[in-house]
Amino acid sequence: MTVYEVLIILTLSISSFLGEAFLIKVFRERRISQVMKSYGPQSHVIQKRGTPSMGGVLFLLIAVFSILLFSLTRAMTLARGVELWLLPFGCACIGLADDWLKYSNQSSEGLSSIRKFTAQLLLSVPWSIWFFYYHGVAWWPGLAIGSPFIGIGLLVFVCVGIMNAVNVTDGLDGLASGCVILSLSSALLLLHLPGDLSSLVITGLILSITFLWYNAHPALIFMGDVGSHFFAGVILVCCIYSGYFLALIPLCFLFGLEILSVSIQLVAIHLFRKKVFLMSPFHHHFELKGWSESQIVHRFWILHGIGIFSLMTLFHFFL
């Protein structure tokens with residue numbers, strides 16, 4: 001790492017840290033806050049009412065800044081930076097539309113499920129087709145996916161899936177941002193990332209760390225759907241561009257468990273008229289069991305870290 005790259009990292013860190021503080025101040029003054037779901041845990045309705053939301057909009061500004069700064073070095077060209085950040089920005093725009101509808105309507109509901117799913121498909125399908133034919137997709141370096149049907153289908157599935165998975169995980173103070181830190185740190189340490197891709201992951205890591213400073217319990221701001229969708233795009237781009245498609249499984253370990261718990265709950269309710277969890281996603285199950293918010297978050301971080309380490313070890317051993 002060169003001196004210039006160190007200076008860029010420091011500049012981005014300070015900009016993100018101060019920018020989020022400024023955003024909290026502005027959002028408080030304009031009362032841009034999240035309307036809590038009435039059917040969620042009642043403690044959230046009471047304790048989190050009025051907390052500013054949509055903190056993830058700053059991620060977009062810092063990402064643009066990072067493209068400009070890293071393009072001044074040999075890390076990547078401006079065109080390459082735009083290409084790498086295209087999917088995270090697209091994902092964030094879907095989340096931003098959802099957040100803005102919630103704010104403008106003063107409701108806990110934004111885009112309907114079908115409209116959000118349609119928007120996610122409209123983004124992921126053309127991007128997946130373009131990526132497969134322009135770059136190709138590999139399970140692991142040296143293990144390419146030759147079939148367009150399998151390759152494009154999997155890309156669309158994981159693109160839509162990870163957006164929703166990170167989104168449902170973002171339900172407790174610091175939970176999603178802490179897990180993103182673990183995922184991106186592991187990607188830097190365990191995957192062989194080229195310089196341009198490393199700059200994207202480093203920027204995402206800076207954003208998640210500085211955001212956690214303000215999002216740790218009790219949260220001063222929430223990232224909103226714009227932030228959760230953005231981080232989903234960063235993790236996906238990191239794995240797909242580096243040729244480690246299967247790395248999505250360990251890096252999204254907890255996110256996968258969270259979205260799986262939602263799916264299990266829905267199937268159980270609609271088919272068997274019974275609940276598996278007191279509430280899904282299953283971090284709320286433990287809340288209703290009497291665990292404190294900090295206990296759940298810290299233990300889920302540990303669970304995510306164990307899942308990443310265990311699965312990455314298996315993949316490196318067998319692949």
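Let's start with a cysteine: C159 is buried, at 1% relative accessibility. Buried means under 20% relative accessible area, exposed means over 50%, and partly exposed is in between, with a 1.4 Å probe and protein chains only.

A word on the source. This is a predicted model, where local features need pLDDT of at least 70, side-chain atom pairs count only at pLDDT 80 or more, and totals for chains, interfaces and linings use all residues. Residues are numbered from 1 along each chain as its sequence is written, and side-chain values use heavy atoms, with hydrogens and water left out.

Back to C159. What is the closest cysteine sulfur to that of C159? It is the one in C91, 4.8 Å away, which is too far for a bond. A disulfide here is a pair of cysteine sulfur atoms within 2.5 Å. By this rule, the count is 0 disulfides. C239 is in no disulfide either; its nearest cysteine sulfur belongs to C238, at 4.7 Å. C239 is buried too, at 0% relative accessibility.

Helices are DSSP runs of H or I with at least four residues, strands are runs of E with at least two, and both are numbered from the N terminus. Helix 4 covers residues 78–105, and helix 5 covers residues 113–134. They pack at an angle of about 170°, and their axes are 10 Å apart. The axes are lines fitted to C-alpha atoms, for helices over the stretch in contact, and angles run from 0 to 180 degrees between N-to-C directions. The two helices are therefore roughly antiparallel. For that word, the angle must be over 145 degrees; under 35 is roughly parallel, 65 to 115 roughly perpendicular, and the rest oblique.

Who makes the contact? From helix 4 come E83, L87, G90, C91, I94 and D98. Helix 5 brings K116, A119, Q120, L123, W127 and W130. Contact means heavy atoms within 4.5 Å.

Now the charges. How many salt bridges does the structure hold? The count is 7. A salt bridge is a side-chain nitrogen of Lys or Arg within 4 Å of a carboxyl oxygen of Asp or Glu.

Take R80 and E83. Their side chains meet in a salt bridge, 3.4 Å from N to O. Both residues lie in helix 4, 3 residues apart, about one turn of the helix. R80 is partly exposed, at 23%. E83 is buried, at 19%.

Next, K116. Its side chain meets that of D98 in a salt bridge, 3.1 Å from N to O. This pair links distant parts of the chain: K116 sits in helix 5 and D98 in helix 4, 18 residues apart. Both K116 and D98 are buried.

K116 also forms a salt bridge with D225, at 2.9 Å from N to O. Here the link runs from helix 5 to helix 9, residues 224–242, and the two partners are 109 residues apart. K116 has 11% relative accessibility, and D225 has 7%, which counts as buried. Put together, D98, K102, K116 and D225 are linked in a network of salt bridges.

Last stop, S199. Where is it? S199 lies in helix 8, residues 195–215. S199 is buried, at 3% relative accessibility. Leaving aside neighbours within four places in sequence, S199 is in contact with F70 and M76.
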